[in-house]
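Hello,

Here is the structure I promised to pass on. Please have a look, then read my notes below.

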Amino acid sequence: MAAVAAGLLAAIAGCKEQAPDKIRIAMVVKNLGNGFFDAAHTGAEDAAKELKNVEIIYTGPTTPSAEGQIEIINSLISQKVNAIVISANDPNALVPIAKKAMARGIKVVSFDSGLAKEGRLMQLNPSNAELIGLKQIQMASDAIGGQGEIAILSASAQATNQNIWIGVMKKVLEQPEFSKMKLVTVTYGDDQSDKSYREAIGLLRSYPNLKAIIAPTTVGINAASKAVVDEHLVGKVFVTGLGLPSEMAGHVKSGAVREFAIWNPIDLGYAATYAAYDFVKNQPTARPGGSINAGRMGNIAIDANGEGAMAPPFTYNKGNVDKFSKIF
Ligand code: RAM
């Protein structure tokens, strides 16, 4: 009897030790197996360590679809997580499920690729969209001497972030400075290496006068660079866009890429986790017009639209790519 009672007491104590206020933050990414999101996950875990009582549930579909993310969010609602930090595969299709989560008290924050305003409490952008779009056109222009045909190889067709950047790029191309550059097409590799590679090969074969491929996706830029090498077009077609130094160092060396850009995905995942935490904790400034406390990243302002932005994109070339390839 005594042993049973002691066991029961221990079990009760054990329950108590399970810290009822442990905060569970689910990071839902566009898809698993993408190095960019692996890095964001590292940042989320860094934040969790600092915040102490936080557990990160890292999840996402195998291919980047809204349907896959809806299924995952449904299951996170049943698991009663405290917050969802999501990089959305579609700005609108996920709104009803995100609203359902919020109605159950789950704090939904989007990062990287945003949810429409009504589906989240905040969107954390890596940087300003205008800067990201302009930067990519500038890099392409520099590589091809300001003239010639260019194509865009994007991620999935509904991706919020890529579509915003493509919109900016099209506007930037209307400026007189870039009038000799012609965008011939936009194609989608769905952030899958094999599909992106096939699309890139298709571009190179369909447009014999193509001078540059801009891939505003880390998966696409890697695949397009490989396609240019395999088609023996190094020096004739230049690839640029957004890439991870760790994946791009070889392509810079091969000459397929002169310059590319990106922000720090570790810091982005870290700050998004802090944002979710602030909303869970009901920090009074975590609201549109306020700011979040993002730990080592300092305070990040939230505009009236509920959006915040981190640092400008950083440019990589043969002078610095090796150094950064050790980080992300
Ligand atoms: C891919 C994803 C991600 C984007 C980066 C640049 O990894 O599409 O959403 O921000 O590229």
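A polar contact is a pair of N or O atoms within 3.5 Å; within protein, one must be able to donate a hydrogen and the other to accept it, and residues adjacent in sequence count only if both atoms are side-chain atoms.

Some ground rules. This is a predicted model, where local features need pLDDT of at least 70, side-chain atom pairs count only at pLDDT 80 or more, and totals for chains, interfaces and linings use all residues. Residues are numbered from 1 along each chain as its sequence is written, and side-chain values use heavy atoms, with hydrogens and water left out.

**The ligand**

There are 14 residues around the ligand (a heavy atom within 4 Å). Lys 30, Asp 112, Gln 162, Asp 191 and Thr 218 come nearest. Lys 30 places a polar side-chain atom 2.8 Å from a ligand oxygen atom. For Asp 191, a side-chain N or O atom is 2.6 Å from an oxygen atom of the ligand.

**Helix packing**

Two packed helices are described by the angle between their axes and the distance between the axes. Helices are DSSP runs (H or I, at least four residues), numbered from the N terminus. Axes are lines fitted to C-alpha atoms over the stretch in contact, and angles run from 0 to 180 degrees between N-to-C directions.

Start with H2 (residues 35-51) and H10 (residues 265-280). Their axes come within 6 Å and cross at roughly 45 degrees. H2 and H10 are therefore oblique to each other (angles under 35 degrees count as roughly parallel, over 145 as roughly antiparallel, 65 to 115 as roughly perpendicular and the rest as oblique). The crossing of H2 and H10 is right-handed (the near helix is turned clockwise from the far one by less than a right angle). The contact (heavy atoms within 4.5 Å) includes Phe 36 and Ala 39 of H2 and Tyr 270 and Tyr 274 of H10. Its residues divide into 12 nonpolar, 4 polar and 2 charged (Ala, Val, Leu, Ile, Met, Phe, Trp, Tyr, Cys and Pro count as nonpolar, Asp, Glu, Lys and Arg as charged, and the others, Gly among them, as polar).

Next, H5 (residues 129-144) and H6 (residues 160-172). Their axes come within 8 Å and cross at roughly 60 degrees. That makes H5 oblique to H6. H5 passes H6 in a right-handed crossing. Among the contact residues are Ile 132 and Ile 137 of H5 and Trp 165 and Met 169 of H6.

Last, H7 (residues 193-206) packs with H8 (residues 218-230) at about 50 degrees, their axes 8 Å apart. This crossing is right-handed.

Best wishes

Notes. Helix = DSSP H or I, 4+ residues; strand = E, 2+ residues; numbered from the N terminus.
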